[in-house]
Amino acid sequence: MTRVRLGVLLAVLIVLSATIGPTLVPFDPIRPNYTLRYAPPSPEHMLGTDNLGRDVLARSLAGGRVSLAIAGGATVLAVLLGLLTGLSAAGLRGAVDVVLTRAFDALLAFPGFLLVLLLVTILGGGVWQTVLALGVAGSPLYFRLVRAFTRSELQRDYVLAGEALGASRPRLLFRHALPNFVGALAVQAASTMATFLLVEASLSFLGLGVPLPTPSWGNVLQDARSFLTRQPWAAVGPGLVLASAALALQFLSDGFRDRLDHRV
Amino acid sequence: MQHPFRTPLVVATLVVALLVGSAFARTVTIATSAQPETLDPHVTSATSSFQTMKSIYDTLVEPDQSGVIVPGLAHSWTVSEDGLMLAFVLREGVLFHDGSEFDSADVAATITRLQAEGSPKANEFAMIVDVATPDALTVELTLDAPAPALLASFASGWGAIVPSELIEADHDFGNRPVGTGPYVFAEWVRDSFVRLTANPDYHAGEPEVEEVVIRYVADTSVQFQGLQTGEFDIAVDVAAVDWPTIESDPRFVLEQGPSGLVLVSALNTRRPYLEDPRVRRALNLAVDTDTVMEVAYGGGFPVGTFMEAGSPWLPDTIEPYGYDPERARELLAEAGVPDDWTLDMALPQPYDTHITAGQVIQDMLGDVGVTVEIRVVEWGVWLGEIYANDRDFDMTVIGHTGKLDASGRLGGYGERDRTYHGYENAEVAAMVQEAAVISDPGERAELYAAVLTALHDEPPFIYIGTPFTTFARAADVDGFWITPLLDTFDLRSLRVD
Amino acid sequence: MLRFLLSQALSVVITMVVVLSLVFVAMRALPGDAAAILGGLDTTEAQVDALRRQLGLDQSVAVQFGVYWSGVVRGDLGRSIRERRPVAEVLRDRLPVTLALASFAFVLALAIGLGLGLLAGRHPGSPLDNATLGFTTIGLALPEFWFGFLLILIFAVQFGAFPVIGYPVAGDVGVRLWHLVLPAVTLAIPRAAQMARLARARLLEELGADYTRTARSKGLPARRVTRHVAANAFPGLLPLLALELGGLLTGTIVVEQVFGLPGLGLTLLGAIGARDYPVVQGVTILAVTIYIGVNWLADLLQIAADPRLRYE
């Protein structure tokens, strides 16, 4: 219970800071200010300034927008891809099922991060490319989940009865089977989004993420590395924000999973 | 007994520390950002490769600390009156690292290798039509045209002499280099380090430091951290942000000297509006290069044309552009540049300094109403798509390393297809070509001065400046030199006090 | 059983063929040119062309594809463009570093993860349990590279207890281990967190099982109950732990980059940057093989742990 509350609280804080936060900090996250380079933390610049004199807090907040959007978008993409293919495989069976299962097995044969790395290299750096790479790499899990859930739902009495009464398959799938496991998918999705936040940051660290000067949490951290010794807080601050965002999602995922488990 | 693990752990740490201490006593470790692509001097023109190769190979002649060409493996040379003959007299008793003796046959075989297909520097040696070796210590080159820059080519990293026997055997110099240099190659772990050991038979005497490890550390902050912990004795690329800390610490010395680099933001003159010299001048006026130099490169000297500050080729009539955004706006308006003009700036990764400079330039051009969109590309993409082939870009930021002769820097200038910025000027092209084949130094200087003036007046670049060569060293390690213009590492007088 | 293994082996082979072909085609579609990179900044296009011919990069993708596959079938992974030596040799040089790092980290993760998990599971709801829960949640939320920076800053730069970067490939075992401490800790923390969660959950499951209740009601001392429970919980954990090993292997890519360890991860990143296709393919083959192998091991362990699965 407490974890859910803590998770919600953290999540609300982070979403608020990413949405209205940038308007509260009166500094431009992108425009340089050469007179104020490497300023230490002060009441005005709480996390100091970076190599171009930009406010690190402003960049962290603006970076949150980009990072959360990427991780969120990629999660939605992964779930949608998994949902469409999983429902098709379980609903249509036969050749469709075999082909889709094999295809996702092939994707699963890649260690996850390696797959993302190869995809991003091929697609090039950028917001959309990163979303696509993460979404594709994350989809096999949802395919498996949806396929398994759907298959077991289709065995249930209400489906058999519905079919006997002449209800169409797609209707049964979407109206009756899907609502029964959408909660479980949401639990998993929160956890996936937490992972994606961390992976996006790692990609930026490797120079394969969102290109500069767009701030993302990964970029801000990678920037901070080049003056880490002089300005440790410029790395510590955004890193903590990123970690709390991942933490919030993890709390939500765990908390809701416990609730679901109790219900079942 | 509350912490059963503590004591053994401390002992283990001490033992390890002792092992480390004793094993590396006579080793000097140098950290630098860029690793070699290969250790074969005749298949690359990348400075990063020559920085390491400099200690393994020797050249016939070489630049001294002031950039003047002095004897190397050849102790003297003569050029005929008409400039069509170049003869070297070689040093006697020099041994290659494999034990074979260095002689004129090795020079002849090396020249053939340099001229072969696939050698990136073939054109610099193309005028050599005959190599005669009347005896083991004499090499006579016959040229089909005077080549005033040939000596400079022999003094450059790619002039490295390799043994003829191994050339014949198709030896893998790239991974197992064999030269006559002060250090013998021991080990190369890609993406990590090269280990070199002192050459006891070096012709100028065995180097003092027995073992040198060159570590490739892309991140400048890590180089600094390693210097602080004593892991590195020399950090070649310390960022300007860390200079004050190094200077105030008695354990370290910050060495600064001139460099041969010209930092530029190249403008693709094939593109609309950028084809107009007025616009390119305007962009030069719109950028406060002092700030760019300070913020991105830790300061340096401004330049007004495509030649490093302090170069003897640079005519004193050429002034840097200076910062005048008002005038820039006027010129842009005069040229009819629209308000929504947007430039595509491709910046090479992982060169943090250029990426920072690009962001500063983006900001400054924004002040005169020019929008710049930044795109960061990997180095391989930059070389393949920006510098060559499609050349799909409006602007970029890069540093051009020094050359011992002006022809190295200006070859192909004026001919659209031979340069990435595509600067076209038939007169300039003719002068560049002429200067490459006349021997009179005065006439050559005049021609290059005219070329450099044209490159100031119709700039195909935003000239940023010449930075310092800066490196940090532990106070007790001295004698590390960075070769002027070539920016290679000279370890011969390295010593630990 | 045999049939199951054979059919799995077949699907692994099919997967590998598909994967490799995808990587091959995709890598060729990338912008960037290995020959241009090798040549450097002052090369003319004609010279880059010559270099390309020398390296066989001027042939059509179809021809290169054929050459590559006929090699792979014979066990030849081709030659590295950048290093100009056989890919197999490159992999052989680099694999030991990655394996050393991964096994060190795995042992650490096992020790920390299982230890904490079992302790926490024994006393659910205790402060220790809550602390473990906190650790596991935070451990999973830390960006690895960032955690690595901090470890370097604190333990290498401030205290000078460990090296900042690098790995003496030919050094003594002690020296090599010393260089691996911080990287292994960085890599182990999230895996330890995951393992602690799994171990705790398994233990709680067993503690709630009927036999435990029986044992308790029989009046068996708590310590002995725990021993029984742990013995029962452990086999079920094995496959999950093996799966963690797979995740740990990819984690090495980032950690090797942070600490400058010349293993497969650094090789892969270097090869991607230099457009050294054969090496990217080689590392991919090796990584996928190891990963599938580990997953396979997990399946086998699962079957071994649960005899009911044997006849499925």
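**Notebook: a sheet, a helix pair and a contact**

I looked up B:Phe88 in this predicted model and found that its bridge partner in β7(B) is B:Val139. Helices (H or I, at least four residues) and strands (E, at least two) are DSSP runs, numbered from the N terminus. Residues are numbered from 1 along each chain as its sequence is written, and chains are lettered from A and ligands numbered from 1 in the order in which they are written. Because the model is predicted, local features need pLDDT of at least 70 and side-chain atom pairs count only at pLDDT 80 or more, while totals for chains, interfaces and linings use all residues.

**Entry 1: the sheet in chain B**

I then followed the two strands: β5 (residues 85-90) and β7 (residues 138-143) of chain B pair in the antiparallel sense over five bridges. Strands pair if DSSP finds at least two bridges between them. I noted that four strands of chain B form an open sheet with antiparallel pairing, in the order β4-β5-β7-β6. β4 (74-79) and β6 (128-135) of chain B are at the edges with a single partner strand each, so one side of each has no neighbour in the sheet. Neighbouring strands are turned by 20 degrees against each other on average, direction ignored. Helix α3 (residues 104-115) of chain B packs on this sheet and touches β5, β6 and β7 of chain B. The direction of this helix makes about 170 degrees with that of β6(B).

**Entry 2: two helices in chain A**

I looked at α3 (residues 56-92) and α6 (residues 127-154) of chain A, whose axes come within 5 Å and cross at roughly 35 degrees. Axes are lines fitted to C-alpha atoms, for helices over the stretch in contact, and angles run from 0 to 180 degrees between N-to-C directions. The contact of α3(A) with α6(A) has 20 nonpolar, ten polar and two charged residues. Ala, Val, Leu, Ile, Met, Phe, Trp, Tyr, Cys and Pro count as nonpolar, Asp, Glu, Lys and Arg as charged, and the others, Gly among them, as polar.

**Entry 3: chain C against chain B**

I found 44 residues from chain C and 40 residues from chain B in this contact (C-beta atoms, placed from the backbone, within 7 Å). On the side of chain C that touches chain B, α3(C) gives the most, with six residues. By class, that side has 21 nonpolar, 14 polar and nine charged residues.

**Entry 4: confidence**

I checked pLDDT, the predictor's confidence in each residue, from 0 to 100. Chain C has a mean of 80, and 91% of its residues reach 70 or more. The model scores ipTM 0.83 and pTM 0.85.

Key
Two residues are in contact if their C-beta atoms, placed from the backbone, lie within 7 Å.
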